[in-house]
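Welcome, and thank you for taking a look. Let us walk through this model together, one region at a time.

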Amino acid sequence: MPHIEIDGQSIEVAAGTTIMEAAESLGIYIPFFCYHPKLSVAANCRMCLVDVEKAPKPLPACATPVADGMKIATASRKAKMAQQGVLEFLLINHPLDCPICDQGGECPLQDITMGFANPHSHYQEEKRVVEDKDIGPLITTEMTRCIQCTRCVRFGQEIGGIKELGATGRGEHMAIGTYVAKAVQSELSGNMIDLCPVGALTSKPFRYKARSWELKHTPGVCPHCSTGCNTDVQSLGKEVLRVLPRHNEAVNEQWICDKGRYAYTGLNAPDRVTKPLLRQKDGEWAEVSWAEALEATLAGLDKMLARHGADKLAGLISAQSSNEELFLFQGLLRGLGSPHLDHRLRQQDFRADAAMPRYPALSMTLEELEREPLIVLCHAFTRHQQPLTNHRLHKAVLNGGKVVSIDSIHQDFNFPVTQLVAEAGADGHLYQQLAEHFAHLHEAPQRDPLAVLAQELAAADNPLILIGSALLHHPQAADLLAQVESIAELSGGRIGWLAEEANSAGAWLSGCVPHRGPGGHPVDAAGLPADAYWEAGMQGFILFGVEPGVDSMRGAEAVQRLANAEFVLSISHFAQEARQYADVILPMAAFAEGAGSYVNNEGRLQSFRAAVKLPGEARPGWKILRVLGDSLKLPDFQYNELSEVSAAWQHAVGDYGMDIPPFQAFPPLHATQALPAGPLLRLGDWPIYQGDPLVRRAAPLHNPLRARMHPQQAHLSGIQGEVVEVSTAAGKVTLALELDTHIPLGCIWVPLGYSETAVLGAAYTPCSVVMAALPERQPESLRAS
Amino acid sequence: MLSEKSLEAIAFERSKYPPEESRSALLAALRIAQEEQGYLRDELITYVANLLDLPPIQAFEVATFYTMYDLKPVGRHKFCVCGSVSCFLNGSDRIIRHLSERLGIGLGETTEDGLFTLQEVECLGACKDAPMLQLGDRYYENLTPESLDALIAELQGGSTDVR
């Protein structure tokens with residue numbers, strides 16, 4: 001191992017270590033701009049020049065590997081002259097507009113200039129000006145400030161998996177831009193803001209809102225997917241002003257996705273509720289005091305229970321709720337005598353419930369995922385569902401692993417993935433075929449990709465099979481799960497689950513499923529699952545943080561049934577949907593306003609604190625549930641502090657472990673026939689920015705609503721225009737159409753999660769599509785007819 | 001967008017490199033596209049990038065880096081005047097100024113008759129005879145205002161082979 005000396009301190013480091021890394025381990029600071037430990041070495045800013053004994057010229061520390069006996073000086077006269085020279089050149093074209101720059105106060109260029117520059121510049125000529133580019137609603141560009149470190153360019157290529165930004169032009173004319181000023185497409189694009197060492201790329205929603213040193217930092221946990229990224233919630237007064245990643249190598253490294261970064265902009269949506277709302281006799285809504293609202297709630301519940309009994313009361317809770325809230329929620333429902341509570345609003349087929357694991361666990365750590373040689377994704381589009389889990393899969397591929405996706409449509413992955421796509425509605429058949437290929441493993445080399453996959457699975461040592469949320473949304477979910485299990489058995493592989501929401505794991509563990517209580521213990525009398533409530537004629541509903549109208553498969557029907565129910569209590573952040581059917585709306589703490597804990601996909605328990613004060617009279621969810629339970633004289637609701645609830649949760653849930661058996665016992669395999677499609681099959685799932693109430697309200701993240709169809713299918717169906725009318729048995733809607741070869745023939749993709757498409761009912765149902773005329777030019781979504 | 005002949009030529013260039021290194025053929029592919037179409041429109045650059053399975057931005061980076069690629073239509077004769085160190089020290093700025101005044105165009109511009117384009121380029125490796133310019137495939141060295149005037153006169157006279 002090479003033995004070297006930096007600034008008189010000697011150290012022995014592994015061969016291949018760079019001077020920068022060696023200095024870092026000695027705690028010696030070398031200034032830099034373009035170097036980044038997670039990116040490839042570009043060595044183009046030249047800021048890290050150091051003086052190496054016997055080298056004729058200073059060398060860049062980030063790109064120079066150490067050699068035995070090297071003597072390095074980071075602050076000799078030669079090194080300092082080099083650093084001063086480089087800074088003088090970097091500042092030649094920099095506008096020095098720090099007073100109006102959002103990066104001011106957290107700017108490496110500013111800091112390094114203060115620390116290392118010669119205060120005098122020789123440059124008196126004109127500075128160059130670079131035209132700003134519009135690269136979408138998330139990032140503001142101020143390209144004159146750019147020092148061409150190319151971190152953003154390398155990030156796009158190496159982490160984002162899409163080359164979007166590039167350096168065009170040469171020498172003095174070099175500038176960073178996207179090709180033909182296209183909006184940046186990566187779901188990780190916001191990280192480029194953090195990477196930019198100057199103010200060239202800054203956050204658009206945060207622009208001119210505050211100075212970095214004025215902000216209060218609160219450690220948070222992202223509530224938007226099951227990866228559980230650690231965040232740094234930054235606030236000023238009562239307002240969350242931005243969300244940045246908090247470094248945690250085990251979970252999110254130093255990244256977060258755009259959903260986690262920008263969803264906070266939905267907090268001030270116009271329909272935010274900050275005072276209890278009570279529906280009056282005339283149907284109008286009135287703001288009331290908490291005392292009145294609670295009284296009305298208790299009276300409403302009492303009346304409903306007296307008339308219909310607890311068997312007609314159902315509870316739906318969001319899996320974005322904290323463990324504490326989930327735990328109290330199930331205690332409330334079960335305490336009132338109702339077994340009907342669930343968090344799985346999007347699921348249609350619950351036949352496999354008894355066989356489900358204790359909680360949807362990855363069954364390994366995220367870091368281990370990077371080293372898997374063969375990963376099969378079953379209906380899991382991780383890029384949009386768990387962007388930073390997806391990043392680990394990307395790294396697995398970079399490490400020489402292989403990822404295969406089995407799905408209903410071709411997905412737009414940002415790294416090479418072998419994709420096996422079912423024919424319209426024949427998802428079960430695809431899995432079945434794959435299982436059948438295991439019987440013919442020793443036949444000659446195969447061309448059929450399914451046969452190749454079977455061979456690879458059989459040859460691999462313990463391959464990993466990951467089950468995605470879209471599999472659970474499928475109407476034949478139980479059959480598909482049985483198929484997946486048999487494939488895992490045939491290949492000797494492991495099954496892991498990609499949990500859908502931030503606290504899906506917590507929801508299972510806390511007992512917010514109809515058949516299991518806290519800790520996953522079966523309950524005596526199992527209740528009905530979420531999707532059954534609409535037909536079961538439930539008369540009372542307690543909704544916690546959910547919008548069944550867009551969060552469930554049959555949204556329009558859900559709203560209708562809720563409106564017809566005798567009593568609906570909605571504990572929520574937002575009122576728009578609840579106003580259609582609720583009797584009482586209780587305002588609850590939203591993201592960054594409450595404390596609690598989540599269990600992420602790995603089984604990692606992570607807690608978070610409130611970053612800002614509650615708006616108006618909103619209250620933390622757990623307190624609302626506690627008061628309700630206490631007022632209803634239920635046992636075990638005498639908590640005063642959150643920590644007491646957490647302790648009770650811990651006690652009830654017990655030790656759950658990270659590596660859990662995937663299935664308990666599975667019902668026998670069912671025959672799987674293709675879903676009926678006539679004339680077309682309507683596919684659909686929740687798009688990345690429509691998945692939960694907060695992100696749906698985040699203005700900068702909105703994607704236009706579009707139906708998608710294969711151009712050939714459009715031709716076959718005689719569709720030429722850009723607008724179609726899609727009708728199912730449930731209803732019809734007029735939508736903008738995008739031609740997309742990712743969608744298999746015989747299908748049309750219509751996303752869920754929009755109130756406009758809720759009338760179509762569940763996905764994977766037959767539909768017909770005809771050309772429609774536009775009444776007037778409306779590029780975005782069109783209202784339901 | 002490109003003729004069969006050009007596509008074949010690009011495929012030939014592509015075949016010189018390993019399958020995963022298609023970007024190695026980018027320089028040649030852009031040159032072939034430009035030779036056929038005169039200059040590289042945005043759509044043409046995207047088209048060439050797609051031919052080689054590269055992100056369009058990557059082709060755009062290359063096309064904007066080299067002065068030999070023209071991103072807009074150019075005149076019949078393109079004066080590529082070197083502006084790098086040796087030529088600059090020997091008065092390349094005077095050469096550029098003279099050409100600019102004589103032709104009535106600035107850098108990167110084309111005369112109205114479509115005959116001349118003026119461009120400043122990076123070092124072309126002829127430092128010993130600075131200042132110099134490139135015209136077509138040929139270098140013109142030790143330039144003076146007089147030699148430039150003579151050159152322009154011959155070109156305006158319709159000559160294409162000026163020694």
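Which residue of β2(B) is the bridge partner of C80(B)? The partner is Q119(B). Before going further, a word on what is shown: this is a predicted model, in which local features need pLDDT of at least 70 and side-chain atom pairs count only at pLDDT 80 or more, while totals for chains, interfaces and linings use all residues. Residues are numbered from 1 along each chain as its sequence is written, and chains are lettered from A and ligands numbered from 1 in the order in which they are written.

Let us stay with chain B. Its secondary structure comes to seven helices and four strands, where helices (H or I, at least four residues) and strands (E, at least two) are DSSP runs numbered from the N terminus. Followed along the sequence, chain B reads α-α-α-α-β-α-α-β-β-β-α. The C-alpha trace of chain B spans about 50 × 30 × 25 Å along its principal axes.

Strands of a sheet pair through backbone hydrogen bonds, either parallel or antiparallel. Here, two strands are said to pair if DSSP finds at least two bridges between them. Strand β1 (residues 77–82) of chain B runs parallel to strand β2 (residues 116–121) of chain B, with six bridges. β1(B) also pairs with strand β3 (residues 133–135) of chain B, this time in the antiparallel sense over two bridges. There, V81(B) stands opposite L133(B).

Now turn to chain A, where five strands form an open sheet with mixed pairing, in the order β2-β1-β5-β3-β4. At its edges stand β2 (9–12) and β4 (59–60) of chain A; each has a single partner strand, so one side of each is left without a neighbour in the sheet. The partner of β4(A) is strand β3 (residues 49–52) of chain A, joined to β4(A) by two bridges and running antiparallel. In this pairing V50(A) is opposite L59(A). Helix α2 (residues 77–92) of chain A packs on the sheet and touches β3 and β5 (71–73) of chain A, its direction making about 160° with that of β3(A). Axes are lines fitted to C-alpha atoms, for helices over the stretch in contact, and angles run from 0 to 180 degrees between N-to-C directions.

Further along chain A is a pair of helices. Helix α12 (residues 427–437) and helix α15 (residues 477–491) of chain A pack at an angle of about 15°, with axes 9 Å apart. That angle makes α12(A) roughly parallel to α15(A), a label for angles under 35 degrees. Residues that make the contact include Y431(A) and L434(A) of α12(A), and V484(A) and I487(A) of α15(A).

An unreviewed entry gives "domain: 4Fe-4S His(Cys)3-ligated-type" for residues 78–117 of chain A, a span that is 60% helix and 0% strand. It also places "domain: 4Fe-4S Mo/W bis-MGD-type" (unreviewed entry) at residues 215–271 of chain A, which are 9% helix and 35% strand.

Finally, where do the chains meet? In all, 11 residues of chain A are in contact with nine residues of chain B, contact meaning that C-beta atoms, placed from the backbone, lie within 7 Å. On the chain A side, the largest share, four residues, comes from strand β7 (residues 165–168).

Definitions and conventions:
Contact = placed C-beta atoms within 7 Å. Parallel < 35°, antiparallel > 145°, perpendicular 65-115°, else oblique. UniProt positions renumbered as here; feature names shortened; annotations may be inferred.
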